There are 2 protein chains.
Amino acid sequence: MNIYDIAEKSGVSIATVSRVLNRSPNVSDKTRRRVLAVMQEQGYTPNAFARGLGLRTLHMAAVLCTDVADPFYAQAVSLIEEGLRQREYGSLLICTGGELEGKKQALQQALEKQVDAILLIGSAFRERSDNSHLEQAASQVPVIILNGWVKLKGVYCVLCNEREAMEQNVARLAKTGCRHILYVYDTMTYSGSEKLTGYRRGMQAAGLTPMELCTHEKSMESAYEAVEQSLAGGIVPDGVLVSEDLLAVGAQKALAARGLSLPLIGFNDSILARCATPALTSVDNMLPALCRTGLALLQGLLEGQEQPQKTVLSSRLVERDTFREKG
Amino acid sequence: MNIYDIAEKSGVSIATVSRVLNRSPNVSDKTRRRVLAVMQEQGYTPNAFARGLGLRTLHMAAVLCTDVADPFYAQAVSLIEEGLRQREYGSLLICTGGELEGKKQALQQALEKQVDAILLIGSAFRERSDNSHLEQAASQVPVIILNGWVKLKGVYCVLCNEREAMEQNVARLAKTGCRHILYVYDTMTYSGSEKLTGYRRGMQAAGLTPMELCTHEKSMESAYEAVEQSLAGGIVPDGVLVSEDLLAVGAQKALAARGLSLPLIGFNDSILARCATPALTSVDNMLPALCRTGLALLQGLLEGQEQPQKTVLSSRLVERDTFREKG
DNA sequence: TTGAAAGCGGTACCAT
DNA sequence: ATGGTACCGCTTTCAA
């Protein structure tokens, strides 16, 4: 069943059928009705490839993240997919893993599928040395990074001031009397190093000595072990900051296992923060706003407008059981 | 930059370029090298639409779920996307929401994009009365339901024996002396009613009176409230079964708020079960196996083999802090 | 308002 | 091993 069949059955040319398909105003009401009726009755679905060939777009955007199984990315993907769908764009999801090779392949796959844009979630998409793959992709379609930052032509970034947020976290704990503030984190993405820098600056500003603990991998269990070993090794913090709610839960459990209940602040304000016991105080990095902004930016771009290459939103502390500013 | 340009620049016909593109053995090594070199140097990316038009496939599958932000679905989507990617298929992700209209539209969108198959995650895709939209989709491409069951031509289901699992849960609690086993659940999907049936049968078999509590919506907070009100209303359970880890966390918190620490079993063995404090004992519904099986089934289908319309895997209890069989 | 026909960028069959 | 060419199904001038 194609446009020729429909044209024949409704006694018009394929050009007219195409016009009906594309809601062109230059079709008489009568003709339109007739054609639509035939389409309906034949259960006709236009072939997207042929359409894409002509229009040079399938109305699809690629959405990349290292792993959707991570609740934070899942939340982001959910928001983005919804926004794209509302704008009548499909979402090609690709999980890349943390390795460069996976990211390169993902970009290649996205380009092969002729997506209209590529959305990167997370700062893991900025490589230490060589970002030429990003550059190449950006030369073909707009690339948008959510919660990450790379200065490259055609790459647009929307992010949250995480450095500042972490700096404030230190100040907050220090204000309530903490002197030995442990910082638990995992990998060194752009975002990760921003937070770490924020922590260090905050500690310096407060005249305190940094206590940093890097976990083996990004998992609750790994954070548990790292903190447990650290405590066993005689480290005695009186406050804990963490780069990620998932790790924060691990840290929290390790502390609890030793009967400790210290001020603790997580990051991302994910579902885990609410589900943890006690519920985690966490930095809300404004994910919904981040996604909304990124989508609006993309829309502008696709409409041919100029857009800023860097947009920074400010975060917010969500107070729950593990820490409150009043003390 | 298209196949004609490449052909010209390498001094061969487009047919030969096409052969190189498709790894046809009928190309001399010398020619192949030359063509590949030109492609490389020109940064050529074949147009997937044109290709799709000829091959009648873009090598893409649609992956639908009600909402990826739910950690359980996110995990499933992650596994499926990976499996599809390994088989060189792209994943068109669509979140449908719980309403029929959203699901219908999602199927329509998937079909318009000419996907090769549709994967439905969760039992929410079975409607109470009318499944004609599924039937229509299945008449065009294979439809696979993971963790759900609908008997329809062209629809293939892989699921877990959740009814039995819940029945066993009752037996387990009863064996350790529980007499007043509360069941907390939310909506009535196919999966939901299976579990509820399992609970009822289990209670009957143990000679106990069912105590059922339906939450207002699928959220931790909603479960908390429901249980809290129930306790406030004088209900005194001595064991709790829940249809979902997310709800289980809410129930757990409500119990803890009243100083209660009862045997409690969640469902899905999601990341939340591990992150909860105390960690939840939960039924592992074999999600990875479910996804693997579904993907293998799909592959078989695409290769033209017959496949069973229903495959049932058996679940497994993962014992953590909130309940152990030995007592 | 409608139709005819030239693309769009590939695939694949038929020759050579 | 290679080239010529007729599709694939739709969009979009250009004429009528």
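Reader: Okay, a residue is buried if 20 or more other C-beta atoms, placed from the backbone, lie within 10 Å of its own, exposed if 12 or fewer, and partly exposed in between. Is A:Asp269 buried or exposed, then?

Author: A:Asp269 is buried, with 24 other C-beta atoms within 10 Å. Its loop runs between β9 and α12 of chain A. Helices (H or I, at least four residues) and strands (E, at least two) are DSSP runs, numbered from the N terminus.

Reader: What kind of model is this, and how is the numbering done?

Author: This is a predicted model, where local features need pLDDT of at least 70 and side-chain atom pairs count only at pLDDT 80 or more, while totals for chains, interfaces and linings use all residues. Residues are numbered from 1 along each chain as its sequence is written, and chains are lettered from A and ligands numbered from 1 in the order in which they are written.

Reader: Back to A:Asp269. What's up with its phi?

Author: Phi of A:Asp269 is positive, about 50 degrees, although the residue is not a glycine. Most residues other than glycine have a negative phi. A:Arg56 is another residue other than glycine with a positive phi, near 60 degrees.

Reader: And where does A:Arg56 sit? Buried or exposed?

Author: Look in the loop between α4 and β1 (60-65) of chain A. A:Arg56 counts as exposed, since it has 11 C-beta neighbours inside 10 Å.

Reader: Which peptide bond in chain A is cis?

Author: The one from A:Thr277 to A:Pro278, with omega near -10 degrees. A:Pro278 is in the loop between α12 (271-275) and β10 of chain A. Chain B has a cis bond joining B:Thr277 and B:Pro278, with omega about -10 degrees. B:Pro278 lies in the loop between α12 and β10 (281-284) of chain B. Most peptide bonds are trans.

Reader: Now the strands. What does β9 of chain A pair with?

Author: Strands pair if DSSP finds at least two bridges between them. β9(A), residues 264-267, pairs in the parallel sense with β8(A), residues 239-242, over two bridges, and A:Val240 stands opposite A:Leu264. β9(A) also pairs in the parallel sense with β10(A), residues 281-284, over three bridges. There A:Phe267 stands opposite A:Val283.

Reader: Which way do the residues of β9(A) point?

Author: A:Leu264 and A:Gly266 point one way, A:Ile265 and A:Phe267 the other, and all are buried. The chain gets from β8(A) to β9(A) through helix α11 (residues 245-257) of chain A, and this β-α-β crossover is right-handed. Right-handed means that, with the strands pointing away from the viewer, the path from the first strand over the helix to the second runs clockwise.

Reader: Switching topic: how many residues do chains A and B put into their contact?

Author: Chain B gives 39 residues and chain A gives 38 residues. Two residues are in contact if their C-beta atoms, placed from the backbone, lie within 7 Å.

Reader: Which element of chain B gives the most?

Author: α5(B), with seven residues on the side of chain B that touches chain A. By class, that side has 22 nonpolar, 10 polar and seven charged residues. Ala, Val, Leu, Ile, Met, Phe, Trp, Tyr, Cys and Pro count as nonpolar, Asp, Glu, Lys and Arg as charged, and the others, Gly among them, as polar.

Reader: How do the two β2 strands pair?

Author: β2(A), residues 90-95, and β2(B) pair in the antiparallel sense over three bridges. A:Leu92 stands opposite B:Leu92 there.

Reader: What rotation puts chain B on chain A?

Author: A rotation of 180 degrees with 0.2 Å of shift along its axis, giving an RMSD of 0.2 Å. That is the relation of a two-fold axis. Copies are superposed by least squares on the C-alpha atoms of residues with pLDDT of at least 70 in both. The copies meet through the same surface, because 97% of the interface residues of chain B are also interface residues in chain A.

Reader: Last one: which residues come closest to DNA strand C?

Author: Of the 25 residues that surround DNA strand C, the closest are A:Ala15, B:Ile3, B:Ser18, B:Ala50 and B:Gly54. "Near" here means a C-beta atom, placed from the backbone, within 6 Å of the strand. α4(B) gives the most to that surface, with five residues. Around DNA strand D, A:Ile3, A:Ser18, A:Ala50, A:Gly54 and B:Ala15 come nearest, and α4(A) gives the most to the surface near DNA strand D, with five residues.
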